[in-house]
Amino acid sequence: MTQYTPDNNNWVYVAGKIDSPIEFNHEMYGEGFYSFYLAVPRLSNYVDRLPVTVSERLLGKLDLNKGSNVVITGQFRSYNKLIEGSNRLILTVFVREIEEKIGEIKNPNQIYLNGYICKPPVYRTTPFKREIADLLIAVNRAYNKSDYIPTIAWGRNARFCQSLEVGSNLKIWGRIQSRPYQKRYPNGEIKEKVAYEVSVSKMELVRI
């Protein structure tokens with residue numbers, strides 16, 4: 001599997017169990033792409049259920065189904081999709097390499113990003129006085145594209161984010177998490193939703 005290198009500005013390593021059927025998603029330039037959800041355990045026994053996109057050319061080498069255990073390296077990517085009349089940011093783990101998982105993985109959820117703050121950081125405290133900061137990070141990709149990755153920092157990292165400005169270059173290490181929430185619509189309807197974001201364990205400001 002491809003290892004993390006500092007010159008790779010978007011690197012993901014996740015290991016877990018395929019938790020949904022593998023279904024056709026879309027085709028681009030004659031190449032088919034499939035999607036599924038990967039269940040990745042935390043030490044707390046909570047399971048993050050992450051969306052995954054993989055090329056048919058990588059799947060063809062393996063006999064994978066719901067329940068298969070796999071290790072994936074790739075990137076955390078975003079794209080806009082029109083849903084219910086409005087644009088939504090869709091996030092997915094884009095697979096570069098995939099193989100069957102054998103044995104236990106010590107740290108099954110890792111991500112490294114090197115990108116730029118593209119909205120003012122939002123700092124807040126919870127009713128239990130826990131400090132949190134929300135950041136939206138733009139990570140450059142080839143062909144003048146960018147991925148927009150929601151991230152969340154805690155404690156002293158959250159306090160540090162208060163001093164950051166739009167355009168600041170950050171290196172971030174952490175994990176991808178899924179977070180269920182309820183969305184209330186103007187008509188009073190409430191729907192269960194899931195947000196995906198990077199939970200920051202370490203960050204570094206790149207100074208020019």
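The legends below describe close-up views of a predicted model.

**View 1. Strand β4 and its antiparallel partner β3.** Strand β4, which covers residues 47-55, is largely enclosed by the rest of the structure, because 7 of its 9 residues are buried. Strand β3 (residues 31-41) runs antiparallel to β4, and the two are joined by 9 bridges. Within this pairing, tyrosine 34 stands opposite valine 54 of β4. The hairpin formed by β3 and β4 has 5 residues between the strands, and in this hairpin asparagine 45 takes a positive phi near 80°.

**View 2. Strand β4 and its parallel partner β6.** Strand β6, made up of residues 86-100, runs parallel to β4, and 2 bridges join these strands. Here threonine 53 is found opposite phenylalanine 94, a residue of β6.

**View 3. The nonpolar cores.** The largest nonpolar core has 37 residues, and those with the most contacts inside it are Val14, Phe36, Leu38, Ile72, Phe76 and Val93. Another core, which lies apart from the largest one, has 6 residues, including Tyr13, Ala15, Tyr112 and Trp173.

**View 4. Asparagine 157 in helix α2.** Helix α2 spans residues 155-161 and contains asparagine 157. This asparagine 157 has a relative accessibility of 12%, and it counts as buried because buried means under 20%. When its neighbours within four places in sequence are left aside, asparagine 157 is in contact with Val200, Ser201, Lys202 and Met203.

**View 5. The largest pocket.** The space in the largest pocket comes to about 1200 Å³. Its lining is formed by 45 residues, of which Arg88, Leu89, Leu91, Val194 and Tyr196 are the closest to the centre of the pocket. Sorted by class, the residues that line the largest pocket are 23 nonpolar, 9 polar and 13 charged.

**View 6. The second largest pocket.** A volume of about 830 Å³ belongs to the second largest pocket. There are 27 residues in the lining of this second largest pocket, and Met28, Arg77, Phe94, Arg141 and Lys145 lie nearest its centre. The elements that each give two or more residues to this lining are β2 (23-28), β3, β4, β5 (69-83), β6, β9 (131-141) and β10 (145-154). By class, the lining of the second largest pocket is made up of 13 nonpolar, 9 polar and 5 charged residues. Phenylalanine 94, listed here among the residues nearest the centre of the second largest pocket, is also the residue that stands opposite threonine 53 in the pairing of β4 with β6.

Notes:
Residues are numbered from 1 along each chain as its sequence is written. This is a predicted model: local features need pLDDT of at least 70, side-chain atom pairs count only at pLDDT 80 or more; totals for chains, interfaces and linings use all residues. Side-chain values use heavy atoms; hydrogens and water are left out. Buried means under 20% relative accessible area, exposed over 50%, partly exposed in between (1.4 Å probe, protein chains only). Helices (H or I, at least four residues) and strands (E, at least two) are DSSP runs, numbered from the N terminus. Two strands pair if DSSP finds at least two bridges between them. A nonpolar core is a set of buried Ala, Val, Leu, Ile, Met, Phe, Trp, Tyr and Cys residues joined through side-chain atoms within 4.5 Å. Contact means heavy atoms within 4.5 Å. On a 1 Å grid over the protein atoms alone, a cavity is a set of points where a 1.4 Å probe fits but cannot get out, and a pocket is an open set with protein on both sides within 12 Å along at least five of seven lines; lining residues have an atom within 4 Å of a point. Grid points are joined across faces, edges and corners, and a volume is the space filled by probe spheres set on the points. Ala, Val, Leu, Ile, Met, Phe, Trp, Tyr, Cys and Pro count as nonpolar, Asp, Glu, Lys and Arg as charged, and the others, Gly among them, as polar.
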